[in-house]
Amino acid sequence: MLDASAALSLLPSAFTSREAFGVGLSQAVLERLVRRGTIMRIQRGVFRQGVGPRDDEAPWAAERRRHLSLARAALLAHPSHALSHETGAVAWERPVLIHRDSPIHLTALHVEPRSRREGRVILHHSDSVVNEAVQVDTLTTLAPARIVADCLRSMRSSRAVAVADAAVRAGATSLSEVESVIASQWRWRGRPRAREALELVDPRRETWLESFSFCELDALGIGLPTPQVDIFDAWGDCVARVDGIWIGDGTVAEADGRGKYGLPGSDGLSATQGTVVDRVLAEKRREDALRSLGLEVVRWDFAEIRQDPERVASRVRAARARGDLRRFTGSLRPPDSREDTT
């Protein structure tokens with residue numbers, strides 16, 4: 001009996017019958033592989049291979065790879081569409097929280113009267129514009145500005161702003177381009193929310209956790225801190241660049257991802273126990289130095305801000321109430337004002 005594994009290794013994760021015939025697989029073999037569960041039929045003439053985790057792959061990276069495999073299969077089944085919304089953001093390597101049941105988003109490139117859902121795939125209609133398509137890693141997606149605008153319209157603001165921050169910071173689009181797209185989406189669902197969320201976008205923030213955290217706190221009435229500020233001591237030596245600071249209150253904000261300490265997790269890093277201890281101690285010394293300058297420091301991690309943002313907000317309010325910029329004995333250098341970069 002034919003061993004199909006060699007032929008399958010020559011095919012992408014999602015493929016058509018024609019591509020399978022090209023590497024020597026017959027229709028009968030394809031049917032047998034479907035019955036065995038080796039491949040999955042997405043629709044007539046479109047198949048997908050199983051996408052399992054790799055030994056050296058972080059969970060989030062495996063999930064992203066699996067999501068894009070499903071997206072590739074969806075594009076084969078719907079060639080007149082492009083990846084959009086969260087799926088488009090994943091294709092452009094923007095920070096998006098996805099899970100095994102996250103839907104695949106596609107948008108019609110030409111006029112279609114209504115949206116519909118086919119299993120995991122959401123097919124967004126296009127009744128007023130002809131959408132621009134671009135290629136990224138052989139995948140057809142909408143343009144970056146349009147993807148950001150649609151995320152701002154459809155996603156929770158704190159998550160959508162993180163996508164926008166990263167896109168503008170990477171130079172894939174600009175605030176003015178995104179604003180122009182939103183302005184063109186007259187009477188589209190979520191447009192008012194997108195315009196409000198756009199006011200929170202700040203590409204100076206450096207990580208998903210910073211963007212998500214600061215927007216979550218802003219929604220609870222905390223107000224946005226100034227991001228990525230350099231703190232100097234009285235001798236002009238740089239003590240730290242902090243994630244954010246409420247300058248008027250002399251209070252530093254620190255959003256701690258696992259990668260800061262070399263822990264395995266969201267960033268896929270690993271470290272020896274000694275390395276982790278060294279980094280934790282270094283962070284402790286850094287915080288002590290900030291406090292010695294008269295600053296308050298409040299910190300939280302991913303689990304805290306995601307599961308109980310109200311509790312984090314209470315700690316921030318308490319720290320800001322204790323803080324007093326008049327006690328600050330050093331100096332600080334805020335980053336350049338909010339930029340619109342391309």
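The second largest pocket of this predicted model holds about 450 Å³ of space. Here a pocket is an open set of points on a 1 Å grid over the protein atoms alone, with protein on both sides within 12 Å along at least five of seven lines. Grid points are joined across faces, edges and corners, and a volume is the space filled by probe spheres set on the points. The pocket is lined by 16 residues, of which Ser-115, His-124, His-125, Arg-153 and Arg-189 lie nearest its centre; lining residues have an atom within 4 Å of a point. The elements that contribute two or more residues to this lining are β5 (104–108) and α6. The largest share, three residues, comes from α6. By class, one residue of the lining is nonpolar, nine are polar and six are charged. In this count Ala, Val, Leu, Ile, Met, Phe, Trp, Tyr, Cys and Pro are nonpolar, Asp, Glu, Lys and Arg are charged, and the others, Gly among them, are polar.

Because the model is predicted, local features need pLDDT of at least 70 and side-chain atom pairs count only at pLDDT 80 or more, while totals for chains, interfaces and linings use all residues. Residues are numbered from 1 along each chain as its sequence is written, and side-chain values use heavy atoms, with hydrogens and water left out.

A search of the whole structure finds one cavity of 30 Å³ or more, a cavity being a set of grid points where a 1.4 Å probe fits but cannot get out. The volume of the largest cavity is about 50 Å³. Its lining consists of Ala-89, Trp-92, Arg-94, Pro-144, Ile-147, Val-148, Val-163, Ala-167 and Ala-172. At least two of the lining residues come from each of α6 and α7, and α6 gives the most, with three residues. By class, the lining of the largest cavity has eight nonpolar residues, no polar residues and one charged residue.

The chain contains 13 helices and 14 strands; helices (H or I, at least four residues) and strands (E, at least two) are DSSP runs, numbered from the N terminus. Of the 342 residues in the chain, 48% are buried. Buried means under 20% relative accessible area, exposed over 50%, and partly exposed in between, with a 1.4 Å probe and protein chains only. Among contacts (heavy atoms within 4.5 Å) between residues at least 6 apart in sequence, 59% join residues at least 24 apart.

In helix α9 (residues 191–198), the buried residues are Arg-191, Ala-194, Ala-197 and Leu-198. These residues lie on the same side of α9 because they cover an arc of only 120 degrees around the axis, the arc being that of the directions from the helix axis to the C-beta atoms. Pro-192 and Glu-196 are exposed on the other side of α9. The cover over the buried residues of α9 includes α6 (144–154), α7 (157–169) and α8 (175–184).

Helix α3 (residues 27–36) has Val-29, Leu-30, Arg-32 and Leu-33 as its buried residues. They span an arc of only 160 degrees around the axis, which puts them on the same side of α3. The face turned away from this buried side carries the exposed residues Ala-28 and Arg-35. Among the elements covering the buried residues of α3 are α1 (5–9), β1 (14–16), α2 (17–22), β2 (39–43) and β3 (46–49). Just after α3, Gly-37 takes a positive phi of about 85 degrees.

Arg-72 lies in helix α4 (residues 59–77) and is partly exposed, with a relative accessible area of 24%. Not counting residues up to four places away in sequence, Arg-72 touches Pro-12, Ser-13, Ala-14, Asp-137, Thr-138 and Leu-139. Arg-72 and Leu-83 are eleven residues apart in sequence, and their C-alpha atoms are 8.9 Å apart in space.

Strands β10 (residues 226–232) and β11 (residues 238–246) run antiparallel and are joined by six bridges; two strands pair if DSSP finds at least two bridges between them. Asp-230 stands opposite Arg-241 in β11. The hairpin of β10 and β11 has five residues between the strands, and Gly-236 in this hairpin takes a positive phi near 85 degrees. β11 is also joined by three bridges to strand β12 (residues 251–256), again in an antiparallel arrangement, with Gly-244 opposite Ala-253 in β12. In the hairpin of β11 and β12, with four residues between the strands, Gly-250 takes a positive phi near 60 degrees.
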